[in-house]
Each structure stands twice: as structure tokens, then as C-alpha cells.
Amino acid sequence: MKSIRIGTRNSALALWQAREVARHLQNSNYLTDIVPIVSSGDKNLHQPLYALGITGVFTRDLDIALLNDEIDIAVHSLKDVPTNLPENLEIVAYLERDFPQDVLIRKESAKDKEFHELKLATSSLRRRAFWLKNFPKAEFSDIRGNIQTRLKKLEEGDFDATILSLAGIKRMKMDIDYEMIPFMIPAPSQGVIAVVGHSDKKEINDILSSINHKPTQICVEMERNFLNTLEGGCTAPIGAFAEIFEDQIRFKAALCSLDGKNCIATDENFIYNEEENFGKKFARVVLENGGKELMAEIKNQI
């Protein structure tokens, strides 16, 4: 068959992810062609994501390219992909998850400060809320851009540290010091590369299913079902992480108010079966324990 056209954002990290999908396909003797596309989210680096008012701000332009048959598949960081995709588009493969964690990066002048003393630069409502839950007097600055841009802003800005996804640092092979943040629950499906395809392209979608990592799929679908049931877009302060241990899954998640004062959490160990929608089940428990009112409050404030 002809070369598979792989659509991607044109940042260094997004291109690395596209090349990773291409590598998997090439290992199965398929030809690939990478097609970079500038996304709306990359064009506006001045406003925090929650202020843009767009669902799928990093995926919309690639969705349009897929629907217009300019590309055959689109590669994304799965945490950027809305839980409801446009009609005729579907996730056709998940690569194996590597690094789901968030990590703290400090500037040199703040290396001796305690966590509660740090002024943080992050535009993520989730990271802010989880931090405020533990350090309610924390101060924040907005920060946007790719990893390199954020690190440059960290050095130049009036703040002490920022929080980044460990996956990006590792994928870019960046030699920088970072610290784990034990209380920070990742965004649903963080650390996973996903491939979106057009439902009409059966042959290509079947090819992509051969590179799918099923254990990762089980975990992230649970996380995304949790997110979808709470009706949280990519911006609400929701963390969710599922992990498989032999025949058991541990599912840890939380919904927090914007100020971190009200957090409704769940931490479950259970034996998995395909019939039950565990993400939806645990989200309903959260909603019944005050989550419904909390989500309404968050939407009102945003």
C-alpha cells in the first residue's frame, strides 16, 4: 500500500512522538510520511489553556486535516485529546505508557527552598489545585509554551519553579534536575502517545491495531471514562491514574476545587473484567459524594 501519512503538531516533542509511531510501523515494513501541522494551541502562547475556551485546542487542526483526507492518522499526547472525538474519528492505537508523572523543576536560586516557600509557574488548573491542597498559601504565575520555552521563562521569570510532565523531559533526553511530587495525581492518560484515525479507513486502522499496547489501553480508557463522566474537559482540576499489577488494577483519582480546599478522592484496588466500566463507576461515587456540586462550582468559576 502507499505511504501512511502521519499528522502531528510541529513542536519538537510532537515530532518525536510521530517518529515513534512511524518507527513502530516501519518495523512492520510499512512506509510512512510525517506531515507537520501548526495547531491553534501552539499559535497562542499568551493565554492559559482554560481561558481559550476551546475543547481540544491542541487537536482540532489535526482533526480537520483527518476529516479533509490531508493525513491518514494523527499522533497526539493522549492527555490533550478530548474524551468525545468528532464524528467519524476514533482512537485506533495506544503506545505503551512510559512516564506518567509530573515533576518539579527549580531554578538554581530556589534550590534550598521548601515546597511551601516556592512561587510556582504553571497554567494547569489541576497542578495548581493539587499544590494548593497541600500548600494553601502558594503563589502562581501563568506559563505556556513547549518544554524549552518554559525552561527559558523559568530562568528569566519572577518565580522559583515550574511543573512539567516527566514524559516530555525523558523523550527529549533533557539533562535537567527534577524532583518527584508524591501528592500530584497525573492528568488522565498522561504519558501516553495515541493515534487517531478516520473510521472509513479500515485498512489503515487495522494496521495500527497491530502496534496497540492493550494494558495501556485498559488503564487509559478507565481514566478517560472517569474524566468523561465527571464532564471535565482538559482543564478541570481532575487527576486519574490506573496501574495494572498482575490480575489487579489500582485506580487513584481526585477532583479538586480551584483553590484546593475541597478535594474528593478515590483509591481502589480491584480485579479487572472487560464488562464493567470502572472509570464511570468510580466517577459516579465522586459525583454522589459532592462532586456534582463541585463540578458546577468549577465551571461557574472558569
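Angles under 35 degrees count as roughly parallel, over 145 as roughly antiparallel, 65 to 115 as roughly perpendicular and the rest as oblique. The model is predicted, so local features need pLDDT of at least 70 and side-chain atom pairs count only at pLDDT 80 or more, while totals for chains, interfaces and linings use all residues. Residues are numbered from 1 along each chain as its sequence is written, and side-chain values use heavy atoms, with hydrogens and water left out.

Two packed helices are described by the angle between their axes and the distance between the axes. Helix α9 (residues 214–230) packs on helix α10 (residues 278–301) at about 30 degrees, and their axes lie 8 Å apart. The two helices are therefore roughly parallel. Their contact (heavy atoms within 4.5 Å) involves M222, N225, F226, T229 and L230 of α9. On α10, the residues include F278, F282, V286, L287 and M295. The crossing is right-handed, meaning that the near helix is turned clockwise from the far one by less than a right angle. Axes are lines fitted to C-alpha atoms, for helices over the stretch in contact, and angles run from 0 to 180 degrees between N-to-C directions. Helices (H or I, at least four residues) and strands (E, at least two) are DSSP runs numbered from the N terminus.

S189 sits in the loop between β9 (179–180) and β10 (193–198). Its relative accessibility is 1%, so S189 counts as buried. Buried means under 20% relative accessible area, exposed over 50%, and partly exposed in between (1.4 Å probe, protein chains only). A polar atom of the S189 side chain lies 3.5 Å from the backbone nitrogen of K79. Beyond neighbours within four places in sequence, S189 contacts L78, K79, R97, V220, E223 and R224.

The structure holds one disulfide, a pair of cysteine sulfur atoms within 2.5 Å. This bond joins C256 to C263, with an S to S distance of 1.7 Å. The link is right-handed, with 105 degrees about the S-S bond. C256 is buried at 1% relative accessible area, whereas C263 is partly exposed at 23%. C219 is buried, at 6%.

Most residues other than glycine have a negative phi. K173, not a glycine, has a positive phi of about 50 degrees. K173 is found in the loop between α7 (166–171) and β9. With a relative accessible area of 72%, K173 is exposed. E246 also has a positive phi, near 55 degrees. E246 lies in the loop between β11 (238–245) and β12 (248–256). At 82% relative accessibility, E246 is exposed.

Note on methods. Polar contact = N/O pair within 3.5 Å; in protein donor to acceptor, adjacent residues only side chain to side chain.
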